[in-house]
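Hi,

Here's the structure I said I'd pass on. Have a look at it first, then read on for what turned up.

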Amino acid sequence: MVLVDIKMLSGFSPVMASIEELENNGQVMKTEVKNDHVLFYLETVFGTANHFTFSVEQTNLVSNIQPAPVMAREYYEKDKYDLVSFNINSVSVSQ
């Protein structure tokens, strides 16, 4: 199992319906929202590119938004992980 931990950008919150949809359509096994993190549990992946999309909404106006981390790791082997960051400039915005 793989755990993907996405910290929300300051001032943003996940849209729960989009998170629930990922679980309902089988793209992820399980989801959790804790504090300002969204956790996705995936089946073990072997060299395949997996992607999924969820929506966020801006709940507070924040200036100078700093990058937020995304960590993907083996659930049972915590020393096997990858860490990247994202910022508002690296996400797509839909109206």
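Predicted model: local features only at pLDDT ≥ 70, side-chain atom pairs only at ≥ 80, totals over all residues.

One of the residues involved is Met 71, whose bridge partner in β7 is Leu 83. Helix α1 (residues 16-24) packs on the sheet, where it touches β3 and β4 (37-42). The direction of α1 makes about 155° with that of β3.

Stepping back, the chain has seven strands and one helix, and in sequence order the pattern reads β-β-α-β-β-β-β-β. Five of the strands form an open sheet with antiparallel pairing, in the order β3-β4-β1-β6-β7. The edges belong to β3 (30-34) and β7 (81-86); each has a single partner strand, so one side of each has no neighbour in the sheet. From one strand to the next, the twist averages 15°.

Strand β1 (residues 2-7) deserves a look of its own. It pairs antiparallel with β4 over six bridges, and Lys 7 has His 37 as its bridge partner in β4. Five bridges join β1 to β6, again running antiparallel, and there Asp 5 is partnered with Met 71. Buried or exposed, how do the residues of β1 come out? Five of the six are buried, so the strand is largely enclosed by the rest of the structure.

On to the packing. The largest nonpolar core has 17 residues, and those with the most contacts inside it are Val 4, Ile 6, Leu 9, Val 38, Phe 40, Phe 54 and Phe 86. β1, α1, β4 and β6 are the elements that give two or more residues to this core. Leaving out residues up to four places away in sequence, Val 4 touches several others, among them Val 38, Phe 40, Leu 42 and Val 70. For the chain as a whole, 29% of the 95 residues are buried. It exposes about 6,700 Å², with carbon and sulfur atoms supplying 50% of that. Of the contacts between residues at least 6 apart in sequence, 62% join residues at least 24 apart.

Now the charges: how many salt bridges does a search of the whole structure find? Four. Asp 36 forms one with Lys 7, the closest N and O atoms being 2.7 Å apart. Because Asp 36 lies in the loop between β3 and β4 while Lys 7 is in β1, the pair ties together parts that are 29 residues apart in sequence. Asp 36 is partly exposed at 32% relative accessibility, and Lys 7 is partly exposed at 25%.

Then there's a network of salt bridges linking Lys 30, Glu 32 and Lys 34. The N to O distance is 3.4 Å for Glu 32 with Lys 30 and 3.1 Å for Glu 32 with Lys 34. Glu 32 has a relative accessible area of 16%, so it falls under the 20% cut-off and counts as buried. Lys 30 is partly exposed at 40%, as is Lys 34 at 47%.

Last one: Ile 88, in the segment after β7. Not counting residues up to four places away, Ile 88 touches Leu 9 and Phe 12.

Cheers

Methods: Residues numbered from 1 in each chain as written. Heavy atoms only, no water. Pairing = 2+ DSSP bridges. Helix = DSSP H or I, 4+ residues; strand = E, 2+ residues; numbered from the N terminus. Axes fitted to C-alpha atoms, helices over the stretch in contact; angles between N-to-C directions. Contact = heavy atoms within 4.5 Å. Buried < 20%, exposed > 50% of the residue type's maximum accessible area, 1.4 Å probe, protein only. Areas by Shrake-Rupley, 256 points an atom, 1.4 Å probe, with all protein chains shown as cover. Core = buried A, V, L, I, M, F, W, Y, C linked by side-chain atoms within 4.5 Å. Salt bridge = Lys/Arg side-chain N within 4 Å of Asp/Glu carboxyl O.
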